[in-house]
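Subject: Handing over the model

Hi there,

Here is the structure I promised to pass on to you.

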Amino acid sequence: MISYLVVFGVSAGVAFVTTPLVRRFSVRVGAIAHPTDRAVHLEPTPTMGGLAMFLGMLAGLGVSRLLPFFDELSRTTSDPVATLVATSAIVLVGVFDDLKGVTALGKLTGQVFAAGLMILGGVQLLYFLFPGQGVLVLSADLAVPFTIVWVLAIVNAVNLIDGLDGLASGMVTIAAISFFVYMERFPGIAGGEASGAALVSAIAAGVSIGFLPWNFNPARIFMGDTGSMLLGMLLAVATVSGVGRNPYPPTGGDLAVIAIPIFVPLLVLAIPILDVLLAIVRRVRRGQRIAHADKEHIHHRLLDIGHGYRKAVLLMYLWSALISGSALAVAFIDSRLVAGVIVGTAALVLLGTLLPRLISGNGRRWGREVT
């Protein structure tokens, strides 16, 4: 655990220290996000803050190579190398998008390319565990497309929730910490104590929380597509490495069935994934392109019903933490009653923080309240 904390601390520290430098660089090269009809910020703000997170990731990976705890992991898996290669590719796509702009098709092509590099690096879905079915081995012709689809889903989920100051970085922090806790309990197939998934999760949490003080409302810099796609790729690598290549089911009673590999990351990333699904359904029903931009994401709706920027962000933090905590509780607690009480309590809190505003009909258009 100490080694993971060192990696987390170094990643966070480097991201925090380098963010002001990246901010100056962004201003110099003209990477500025100007207010638009789609945006909720009111002032021109430097973007491309993901470069600072990328530097934090490099530092975290570098330190892990120096710690004896990770020696066996480096010898037995290619997770660190695959992480470096895939994130480098997607950061290049993000930088170009933040500077010049990239079409939706161009961005998707870059994401598929980065996912392909991750697969070539040895990180891909190999197994699914289903209740009553045991281990299902994916053939090569299924493993590759399933892995690419999974990467695209996670990367774009994080990209879509990056709509309010501090929202994406805070929610990725919560998701990464939750997944780290899960993988520490079920380390997987590396053969030693260290887990590649836990390492990447620690790095993702570190760079996110290191960037957050500069990105929370009022943001002094945005992460841009450089940062949102980087964080999405880190989570994708962690989840594929941690649950898609592990043929051993989690221990515990029958309630562990909810924590089978395919559902753990879905529960931890429930809010952003739900936002993606709702956006797809909404646009298909209207006959719009799936990539069509709108201001009807969950965080926009929270602003619409009267929550200020910070309150909306904190509410989504709370929801994400409740869902992630419930997923961990169900995975670790061998009791239907206790797990049911935890999940039920979380559901009541979720409804209690949303329904009063909806019933009151006291919504205000966003942009008027910023506290």
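This is a predicted model: local features need pLDDT of at least 70, side-chain atom pairs count only at pLDDT 80 or more; totals for chains, interfaces and linings use all residues.

**Confidence**

The mean pLDDT of the chain is 76, with 66% of the residues at 70 or more.

**The chain as a whole**

Of the 371 residues, 52% are buried. The chain exposes about 16000 Å², and carbon and sulfur atoms supply 68% of that area. Taking the contacts between residues at least 6 apart in sequence, 78% join residues at least 24 apart.

**Salt bridges**

How many salt bridges are there? The count comes to two, and Asp-97, Lys-107 and Asp-225 are linked by them in a network.

- Asp-97 pairs with Lys-107, and their closest N and O atoms are 3.3 Å apart. Asp-97 sits in helix α4 and Lys-107 in helix α5 (residues 104–120), ten residues apart.
- Lys-107 also pairs with Asp-225, where the closest N and O atoms are 2.6 Å apart. Because Lys-107 lies in helix α5 and Asp-225 in helix α9 (residues 224–243), this pair ties together parts that are 118 residues apart in sequence.

Asp-97 has 12%, so it counts as buried. Lys-107 is buried at 16%, and Asp-225 is buried at 13%.

**Helix α4, inside and out**

Helix α4 also holds Ala-82, which counts as buried because its relative accessibility is 1%. Leaving out neighbours within four places in sequence, Ala-82 is in contact with Met-118, Gly-121 and Val-123. Ala-82 and Ile-119 are 37 residues apart in sequence, and their C-alpha atoms are 7.8 Å apart in space.

On the surface, Leu-55, Leu-58, Val-81, Leu-84 and Val-85 form a nonpolar patch with about 360 Å² of accessible area together. The elements that give two or more residues to this patch are α2 (50–66) and α4 (79–99), and α4 gives the most, with three residues. Val-85, found in helix α4, has 35% relative accessibility and so counts as partly exposed.

**A loop aspartate**

Where is Asp-165? You will find Asp-165 in the loop between α6 (140–161) and α7 (167–185). With a relative accessibility of 15%, Asp-165 counts as buried. Its side chain makes a polar contact of 3.1 Å with the side chain of Asn-217, and the side chain of Asp-165 also reaches the backbone nitrogen of Ala-219 at 3.1 Å. Beyond residues up to four places away in sequence, Asp-165 touches Asn-215, Phe-216, Asn-217, Pro-218, Ala-219, Phe-222 and Val-313.

How values were computed. Residues are numbered from 1 along each chain as its sequence is written. Side-chain values use heavy atoms; hydrogens and water are left out. pLDDT is the predictor's confidence in each residue, from 0 to 100. Helices (H or I, at least four residues) and strands (E, at least two) are DSSP runs, numbered from the N terminus. Buried means under 20% relative accessible area, exposed over 50%, partly exposed in between (1.4 Å probe, protein chains only). A polar contact is a pair of N or O atoms within 3.5 Å; within protein, one must be able to donate a hydrogen and the other to accept it, and residues adjacent in sequence count only if both atoms are side-chain atoms. Contact means heavy atoms within 4.5 Å. Patches are made of residues with over 30% relative accessible area and no salt bridge: like charges are joined within 9 Å, nonpolar side chains (Val, Leu, Ile, Met, Phe, Trp, Tyr) within 5 Å. Accessible areas come from the Shrake-Rupley method with a 1.4 Å probe; for residues, only the protein chains shown count as cover. A salt bridge is a side-chain nitrogen of Lys or Arg within 4 Å of a carboxyl oxygen of Asp or Glu.
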